[in-house]
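Dear colleague,

Please find below the structure that I am handing over to you. My findings follow directly after it.

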Amino acid sequence: EYCIDINYLFKTMSDFRFNDEVKIHEVKRFDELRKDIEVQNALSAFNEKNIQSNQCVDILVNLIYLLNKGEKFSESEKEKIFFSSTKLLHSANPMLRRIIFLFVKHLNWWQSSFILTGSLITELNNDDDLIKPNCFRLLGQITDASSVNVVERLLKVAINNKNHEVASSALACTLFMCLKGFGIAKSWVNEISEKLNSSLGEENLLTFHTLLLLKEIKKNDKLFLIKIYCKIAENSNSRSQFAICQLIRFITELLKKDDLEKNVKSTFLSFLERSLYSIEESIRIEAARSIMQLNNCKSSLKKTTIGILCDLISSSNKIVMFSALKTLDRDIDNYAQNVAVDIFLEMEKI
């Protein structure tokens, strides 16, 4: 009784026709957003007695989009939205609580940041690892001298968290606070170094943030940094392209000064040369850019670098192609006779 006559089905489908007068318009969600309307919707929805969580989440996402797009909010609008949105900090809806911390970070209005500090510290004492990363990123921007001690204790515990996202955001928060001049994390060098060694095989931002934090803490200890960089460069077991690109930048800064020992210089140059043949195009671009900036490396290495850049010009990734062209453009005058023909041949393939 559930069988269908296939011939009848095909005949019915062939007889079906769309009405030519009906036109289907696809309207994307963010195309018709208006700042004034979204601000009114936010003030109305956030101040209701019975908060509609899904509606508030949609409004917050729209506001984050407008902020990232570059829409200018007046100080009055920021103030009204800030005080209305902080009422949602203790919502029972986990998605709303996650998005509200992200929104406040993008709003960037800190005149009354003390209102947030207590709520953030309360959230960090909970076991919800989905909310902690946003809390740490926000704390890094708003923490002042009055709450440094409390935040410092939380950071020291979070850096060793098994959740890589929580540990990475805690490292980023520590870095922001160090840049502000707070003398924290100077006694954590051993723990941070161990975290760096254990995270080298991970494809995440943990190694990247650890490198940045160590550089800031030990910026006056050149020998310590050289030891760390040499250890990573010799092992070459890091899988984070962000960390490798940052390491290349740090190594380039040291090579430009030309006051390194021969074995250290050889280790760094070998690392840059290996990076030219990395699977990741971003690492190849960064290594090529660094080598082209150096005046104290072999001419054969620069010729190899130019060849790599010529190959990257024909990459399907437009960003990589543009980066390769821009890198070549800086030094094309010095190598015009060698690379002009190769560049033109590669450009014809685009």
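Which residues in H4 meet which residues in H5? On the side of H4 they are Lys78, Ile81, Phe82 and Ser85, and on the side of H5 they are Ile100, Phe103, Val104 and Leu107. Please bear in mind that this is a predicted model.

**Overall composition**

The protein contains 18 helices and zero strands. It has 350 residues, of which 46% count as buried. Among the contacts with a separation of 6 or more, 65% are accounted for by residues 24 or more positions apart.

**Helix H4 and its neighbours**

The crossing in which H4 passes H5 is left-handed. By class, the residues of this contact divide into six nonpolar, one polar and one charged.

H4 also packs against helix H2, which comprises residues 35-46; their axes come within 9 Å and cross at roughly 30°. Since angles under 35 degrees count as roughly parallel, H2 and H4 are described as roughly parallel to each other. This crossing, too, is left-handed. H2 contributes Lys35, Val39, Leu43 and Phe46 to the contact, while H4 contributes Glu77, Lys80, Ile81, Ser84 and Ser85. The contact of H2 with H4 has four nonpolar, two polar and three charged residues. Ile81 and Ser85 of H4 take part in the contact with H2, and Ile81 and Ser85 also meet H5.

Glu71 belongs to the loop between helix H3 (53-69) and helix H4 (75-85). With a relative accessible area of 33%, Glu71 is partly exposed. When residues up to four places away in sequence are not counted, Glu71 touches Lys35 and Leu66. Lys35 is 36 residues from Glu71 in sequence, yet the C-alpha to C-alpha distance between the two is 7.5 Å. Lys35 is also one of the residues through which H2 makes its contact with H4.

**Helices H13 and H14**

Helix H13 (residues 241-257) and helix H14 (residues 262-275) pack with their axes 11 Å apart, at an angle of about 140°. That angle makes H13 oblique to H14. The crossing of H13 and H14 is left-handed. From H13 the contact involves Ile244, Leu247, Ile248, Ile251, Leu254 and Leu255, and from H14 it involves Lys265, Phe268, Leu269, Phe271, Leu272 and Ser275. Ten of the residues in the contact of H13 with H14 are nonpolar, one is polar and one is charged.

**Cysteines**

Cys245 has its place in helix H13. At a relative accessible area of 9%, Cys245 is buried. Leaving aside residues up to four places away in sequence, Cys245 touches Ser282, Ile283 and Glu286. Cys245 and Arg284 are 39 residues apart in sequence, and their C-alpha atoms lie 8.9 Å apart in space. Another cysteine, Cys310, is likewise buried, with a relative accessible area of 5%.

How many disulfides does the model contain? A disulfide is a covalent bond between the sulfur atoms of two cysteines. With the cut-off that a pair of cysteine sulfur atoms be within 2.5 Å, the count comes to zero disulfides.

**Two further residues**

Lys132 is found in helix H7, which covers residues 132-142. Is Lys132 buried or exposed? The limit for buried is under 20% relative accessible area, and at 12% Lys132 counts as buried. Its contacts, not counting residues up to four places away in sequence, are with Glu123, Leu124, Asn126, Asp127, Asn161, Val166 and Ser169.

Ala185 lies in the loop between helix H9 (164-179) and helix H10 (189-199). Although Ala185 is not a glycine, it has a positive phi of about 75°. Ala185 is also buried, with a relative accessible area of 1%.

With kind regards

Technical notes
Residues are numbered from 1 along each chain as its sequence is written. This is a predicted model: local features need pLDDT of at least 70, side-chain atom pairs count only at pLDDT 80 or more; totals for chains, interfaces and linings use all residues. Side-chain values use heavy atoms; hydrogens and water are left out. Helices (H or I, at least four residues) and strands (E, at least two) are DSSP runs, numbered from the N terminus. Buried means under 20% relative accessible area, exposed over 50%, partly exposed in between (1.4 Å probe, protein chains only). Contact means heavy atoms within 4.5 Å. Axes are lines fitted to C-alpha atoms, for helices over the stretch in contact, and angles run from 0 to 180 degrees between N-to-C directions. Angles under 35 degrees count as roughly parallel, over 145 as roughly antiparallel, 65 to 115 as roughly perpendicular and the rest as oblique. A crossing is left-handed if the near helix is turned anticlockwise from the far one by less than a right angle, and right-handed if clockwise. Ala, Val, Leu, Ile, Met, Phe, Trp, Tyr, Cys and Pro count as nonpolar, Asp, Glu, Lys and Arg as charged, and the others, Gly among them, as polar.
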